[in-house]
Amino acid sequence: MNDPVALKINADRYIRMALEEDITSGDISTSCVMPVYQKGQAELICKQDGIIAGLGVFKRVFEMLDSTVDFDMRANEGGKVKNGELMAVVTGDIRALLSGERTALNFLQRMSGIATYTNSIVKLLEGSRTTLLDTRKTTPNMRIFEKYAVKAGGGSNHRYNLSDGVMLKDNHIGAAGSITKAVQMAKANVSFVHKIEVETENLDMVREAVEAGADIIMLDNMSPEEMKEAVRIIDGRALTECSGNVTKENIKNIIDIGVDFVSSGALTHSAPILDISLKNLHAV
């Protein structure tokens, strides 16, 4: 989901679930040392170079715990941050700052890590005709945040979920009996506003998908040589997507092939977090 408004509308229930996971019947550590209200302040500090994503989610965690919390933001969403940079000063009820710290950082670190990793691959594709896409290989209940982070890092979103588009994968094709039958059934049963994508694993499947009238043809786990031949066979009659274990380390092998899109599950399932800390908490 790449719309900040949609993120804001839909995020609260997932943030609440994360807080409920961490605070089932109270934060007993905080209650011991801070039994009553005390205004406090803490600093959000980046400990690695990267791209920041999720500042709004970070804020929302604390707002759910303290409606009076105040943020002096020094970093911009989707912007570059440096090791040691002060990104924000957070002021509010010390109890809320202590209880929400881990949840807020979990979101911010995860989202910023995805944005940073995505951006590093986007830079490798600069100058090519290929657009970088994410996949549905996301952490359960984190998809809305992880796909947003991909956009913050300069990537693009594939379908958000199973309701978004028709993608006929190997098991759909097996269930239908063939690519041709699967495409025919899709065209007969889905609205005309939906494009039909077909996953192919070899050149014979590519030829069949083209003849069946697929709108998008995915070249799954093919060698660079096979993909080049597939693009030649398709010859502009369908959009092309390369997929299958695409990472920062091997994406250079497909830059010159000429596919329209490359999708990478690694953007969301393998990106390391960006190291960020909430430090120097003190009463004010």
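**Exercise 1. Find the residues with the most contacts inside the largest nonpolar core, and the element that gives this core its largest share.**

Solution. The largest nonpolar core holds 82 residues, and those with the most contacts inside it are Leu44, Phe58, Phe145, Val198 and Leu219. Such a core is a set of buried Ala, Val, Leu, Ile, Met, Phe, Trp, Tyr and Cys residues joined through side-chain atoms within 4.5 Å; buried means under 20% relative accessible area, with a 1.4 Å probe and protein chains only. Helix H4 gives the largest share of this core, 11 residues.

A word on the source: this is a predicted model, where local features need pLDDT of at least 70 and side-chain atom pairs count only at pLDDT 80 or more, while totals for chains, interfaces and linings use all residues. Residues are numbered from 1 along each chain as its sequence is written, and side-chain values use heavy atoms, leaving out hydrogens and water.

Now take Phe58. Leaving aside residues up to four places away in sequence, Phe58 touches Leu44, Phe71, Val90, Ala104, Leu105, Leu108 and Leu278; a contact means heavy atoms within 4.5 Å.

**Exercise 2. Work out the strand order of the open sheet, and which helices pack on it.**

Solution. Start with the order: 4 strands run S3-S5-S1-S12, with antiparallel pairing. Strands (E, at least two residues) and helices (H or I, at least four) are DSSP runs, numbered from the N terminus, and two strands pair if DSSP finds at least two bridges between them. Strand S3 (70–73) and strand S12 (276–283) are the edges, each pairing on one side only.

Next, look at one pair. S3 and strand S5 (residues 86–93) are joined in the antiparallel sense over 4 bridges, and Asp72 stands opposite Val89 in S5.

**Exercise 3. Check the length of H4, then find where H4 bends.**

Solution. The expected span is 1.5 Å times one less than the number of residues.

Thr103 lies in H4 (residues 94–124) and counts as buried at 4% relative accessibility.

Methods: Buried < 20%, exposed > 50% of the residue type's maximum accessible area, 1.4 Å probe, protein only. Bend = angle between axes of the 7 residues up to and from the residue.
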